[in-house]
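Visitor: I would like to learn how to read a few structural features. Could you take me through them one at a time?

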Amino acid sequence: MAKKNTTNWPLAPAPESKDHFKLKPQYELFIGGKWQKPKSGKYFDTINPANEQKLARIAEAGEADVDAAVKAARKAYDNVWSKMPAAERAKYIYRIARLLQEKARHFAVVESMNGGKAIRESRDVDIPLAAAHFFYYAGWADKLQYAFPGKNPTPLGVAGQIIPWNFPLLMASWKIAPALACGNTVVLKPAETTPLTALLLAELIQEAELPDGVVNIITGAGATGAALVNHPDVNKIAFTGSTGVGKLIQKSIAGTAKKATLELGGKAANIIFADATIDQAVEGIVNGIYFNQGHVCCAGSRLYVEESVHDEVVRKLKHRMKSLVVGDPLDKNTDIGAINSKEQLGIINKYLKIGQEEGADMYQPACDLPGKGYWCRPTLFTNVAQSARIAQEEIFGPVLAIQTFRTVDEVIQKANNTPYGLSAGVWTDKGSKIFNLTTKMRAGVIWANTFNKFDPTSPFGGYKESGYGREGGVHGLGAYLNLN
Ligand code: NAI
Ligand code: MG
């Protein structure tokens, strides 16, 4: 007999329950509006990093499959999408946004199961922001000439888009929404460890009745991505991922007419002045590096604390870290979910060892970790040298390196002393300090008295080895248009 609650009223399933949907045992490639078996004949398993259980079998696209997807996108571009009145294009994009909102629960649960992130994040951040991106860019589709006055904006053609595993659906929406609004067609490849929400998005796109081939979603690993980058009939590459692969892509497309936007790594400085509201800053530090397991390219992984408040900040931070809940991503109380993959956990553990060997002091709260799956306790290092590898290199995990400073000039110099320049944070009571720092720091996004805030209307992107080009806002449109 079904269990009844005390009032005998049926309750809707909790957002984090798994009972309201079923995954398919196997997913094919979404090409030309249809599910197609891979010509490669190959498949791979996708797992849940929180318990190492298999979730589904996924097709692996080979070169012939990539070619079929690009051809489908070209056909849709030439025959349908580039000819459609922009206001009609917008209707389809709005439809995707609305369907995403309707299915938000389903998407949030699958995002957490496949990626390991806490349901609180996928439910409150990833999925609503993904829908917001489609809404935002739908609105621009028929107003492109107003976005670029005096220009004649025209689409680029077929966009090849390659995304990482840290924000799978959100990165898919950052890539697909502006591309479609500008009249391009798309071949998107999600990361090999997190293909599921992109495949659910393909199902949703079918339900939205987008013309066949406007969006193609192909799965596979680096070789599939490279085949897409090297395909001669792709007009634009949009990539988010590691700086190493970003550099490979730059080399591959050098000398071709392909346009590119690259959003690569980061090593953000989060700067706390003595006049900041310390409790609020501590919460911002936690949000900046520990939530989402530190799997964030703009994570505040370097903390610079004004010397006079160093002890207070570290004491309060350690206290707060003790109350962070590490564990089941589908538990709504969880703060820190599973590390995305065994490989990524290996990278993080390597840096924990390096940090200790470099002579820094490591602190982790003594929390229990589940027996199966990939986990890392929130970690902080004090006594970190500016030249230390843990202060210089991207770790991509819940690991914070703390240093101190005495003067504004000193901290600006230290913050800028990195090959990256994606984001930064400043905590102070003084508006003048904020403006001084934001003009002198070489980072694409700088948050003041907050951290990791996103909105479809604000552009996002990096300086230096963090990549080039902007996503989001009006800037994000420009990346998908010829502006003559
Ligand atoms: P990655 O850069 O290898 O993977 C990102 C995407 O690129 C995936 O879809 C992957 O299949 C694809 N890819 C891999 N090799 C490719 C190639 N030769 N040509 C075209 N596409 C290719 O990142 P990975 O190996 O998953 O993570 C390694 C490190 O990269 C992390 O530890 C982290 O430091 C950094 N990273 C940064 C991200 C960001 O948001 N900026 C996201 C993911 C990783
Ligand atoms: Mg890689």
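Guide: We will go through salt bridges, nonpolar cores, a pocket and backbone angles. This is a predicted model, in which local features need pLDDT of at least 70 and side-chain atom pairs count only at pLDDT 80 or more, while totals for chains, interfaces and linings use all residues. Residues are numbered from 1 along each chain as its sequence is written, chains are lettered from A and ligands numbered from 1 in the order in which they are written, and side-chain values use heavy atoms, with hydrogens and water left out.

Visitor: How many salt bridges does a search of the whole structure find?

Guide: Side chains of opposite charge can pair when their charged atoms come close. The criterion here is a side-chain nitrogen of Lys or Arg within 4 Å of a carboxyl oxygen of Asp or Glu. The search of the whole structure gives 23. One of them joins lysine 24 to glutamate 203, with 3.3 Å between the closest N and O atoms. Lysine 24 is in the segment before strand S1 (26-27) and glutamate 203 is in helix H7 (residues 196-207), so the bridge ties together parts that are 179 residues apart in sequence. Helices (H or I, at least four residues) and strands (E, at least two) are DSSP runs, numbered from the N terminus.

Visitor: Where do lysine 91 and glutamate 88 lie?

Guide: Both are in helix H2 (residues 86-102), three residues apart, about one turn of the helix. Lysine 91 is partly exposed at 48% relative accessible area, as is glutamate 88 at 32%. Buried means under 20% relative accessible area, exposed over 50%, and partly exposed in between (1.4 Å probe, protein chains only).

Visitor: Is lysine 414 buried or exposed?

Guide: Lysine 414 is buried, with a relative accessible area of 19%. Its salt-bridge partner is glutamate 410, at 3.0 Å between the closest N and O atoms. Glutamate 410 is partly exposed, at 25%. Elsewhere, Asp279, Glu312 and Lys316 are joined into one network by salt bridges that share partners.

Visitor: Which residues touch the most other members of the largest nonpolar core?

Guide: In soluble globular proteins, nonpolar side chains tend to be buried together. A nonpolar core is a set of buried Ala, Val, Leu, Ile, Met, Phe, Trp, Tyr and Cys residues joined through side-chain atoms within 4.5 Å. The largest has 113 residues, and Leu180 and Leu317 touch the most other members. Domain 1 (26-264 + 466-483) and domain 2 (269-448) both contribute residues, so this core lies between them; the bounds come from an automatic or database domain assignment. A second, separate core of 25 residues includes Leu29, Val66, Ile218 and Ile237.

Visitor: Which loop holds asparagine 383?

Guide: Asparagine 383 is in the loop between strand S15 (379-382) and helix H13 (389-392). Its phi is near 55°, a positive value in a residue other than glycine. Asparagine 383 is exposed, at 59% relative accessibility. Asparagine 452 also has a positive phi, about 50°, and lies in the loop between strand S18 (445-448) and strand S19 (467-468). Asparagine 452 counts as buried, at 17%.

Visitor: Which helix gives the most to the lining of the largest pocket?

Guide: A pocket is found on a 1 Å grid over the protein atoms alone, as an open set of points where a 1.4 Å probe fits, with protein on both sides within 12 Å along at least five of seven lines; lining residues have an atom within 4 Å of a point. H12 gives the most, with six residues. The lining has 44 residues, and Trp165, Glu192, Ser242, Val245 and Gln344 lie nearest the centre.
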